[in-house]
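User: I am new to this structure. Please walk me through some of its local features.

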Amino acid sequence: MRWLIFLPFFLFQQENKPPERQNIGKTPKNIILLIGDGMGLTQISAGLYSHGNQLHIEQMPVTGLIKTHASNKLITDSAAGATAFSCGCKTYNGAIAVDKKKQPCRTILEWAKQQGKACGLVASCTVTHATPGAFIAHVPQRAEMENIAVFFVENPIDLVIGGGMKFFETRSSDRRNLTAELRSKGTHVSNFNQINLQDCVPSPDSPFVWFSANEEPPSVEKGRNYLPYAARMAAPFLQKRSKGKGFFMMLEGSQIDWACHSNDAPRAISEMLDFDQAVGEILKFAAADGETLVIVTADHETAGMSIDQGSVMDTLDIKFNSGYHTASMVPVFAFGPGADLFSGIYDNTQVYHKMAALWGIK
């Protein structure tokens, strides 16, 4: 499918200068991993050219490329891709933090929690989806969302923002009310019916959960607007919760992938720009903090997106060559202490191993 996209082209009044490149070779106290689901080089390029030829991602001084294949397929899915990031092992498509033999593998989030670090997960999809789920749960198939939700209660973390409230409250499998169980453990739980995230000022004295939708959050085009604010709020919240021990956070721009599956180029660009705004908020925090490593990458590219002949800055001629993921390598960007480790070409499992090396994980 081919799209002709007419988008306002503008020039920034001032050059988007990168933050100071300080402490690149030092050990980070905090690690923030941002994943643009389905975000290949063309998705980034389309966002760039439709936004005055600049993105916040450009501020990141270190760039690499990763190979994305799963253990059983050349073309990965989000579950195997996220497990490579969270555990450092290749596994089969559909696996949530289990290896090829369906044995649980410890995630970097679980290790961080064991060390007393604060931990958070933010997504523009349900929090029980493949990418966020692979950092906290261990199940053989990504479709087991009610089972994934249980891990949020059995091993609660400091911050959770995303959709999927129904998997916690209206469960068909066991009739448990997991939000009530979280509250009984001292977690503050609220949702989109009670308060907008922008009106939340969570206290660092207790863990915080906010559900953005009963099932899937809407697209940016249909009014979703919480991801950049979540990024701005989450990092300082986790920093306070950590009491000096550091924190780990994964934030996913989930719906770039969905838009590309639908071959919907305007929606893909709006989701890309929303994710980039979240990247910008995180970079502001990291530049001021000086102890935070920021990594931006993707689990895979989706749909073979291309910008074709005849495109200009304000009119992009975009087409797709499939409705599924591709085997293309995807980029990695890094900023902050330890960023220099992320240059080059390497396997997606090395994202985990590079983070683990910086934090001394055996």
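Predicted model: local features only at pLDDT ≥ 70, side-chain atom pairs only at ≥ 80, totals over all residues.

User: How many of the 10 residues of helix H5 are buried?

Analyst: Helices (H or I, at least four residues) and strands (E, at least two) are DSSP runs, numbered from the N terminus. Buried means under 20% relative accessible area, exposed over 50%, partly exposed in between (1.4 Å probe, protein chains only). H5 spans residues 145–154 and is mostly covered. Its buried residues number seven.

User: What covers the buried residues of H5?

Analyst: Those residues include Ile-148, Phe-152 and Val-153. Contact here means heavy atoms within 4.5 Å. The cover includes strands S4 and S5, along with helices H4, H6 and H7.

User: How many aromatic pairs are there?

Analyst: Rings of Phe, Tyr and Trp (its six-membered ring) pair if their centres lie within 6.5 Å; planes under 30 degrees apart count as stacked, over 60 as edge-to-face and the rest as tilted. By this rule the count is seven.

User: Why is the pair of Phe-135 and Phe-248 stacked?

Analyst: The ring centres are 6.0 Å apart. The pair is stacked because its planes lie at 25°.

User: How many residues apart in sequence are the parts that Phe-135 and Phe-248 tie together?

Analyst: Phe-135 lies in the loop between H4 and H5, and Phe-248 lies in strand S8. Phe-135 is buried at 0% relative accessibility. Phe-248 also counts as buried, at 0%. The separation in sequence is 113 residues.

User: Is the pair of Trp-210 and Tyr-226 stacked or edge-to-face?

Analyst: The centres of these rings are 5.4 Å apart. Their planes are at 75°, so the pair is edge-to-face.

User: Which ring does the charged end of Lys-117 sit over?

Analyst: A charge sits over a ring if NZ of Lys or CZ of Arg is within 6 Å of the ring centre and within 35 degrees of the ring normal. The charged end of Lys-117 is 4.6 Å from the ring centre. That ring belongs to Trp-359.

User: What is the phi of Ala-303?

Analyst: Most residues other than glycine have a negative phi. Ala-303 sits in the loop between strands S10 and S11. Its phi is positive, although it is not a glycine, at about 80°.

Technical notes
Residues numbered from 1 in each chain as written. Heavy atoms only, no water.
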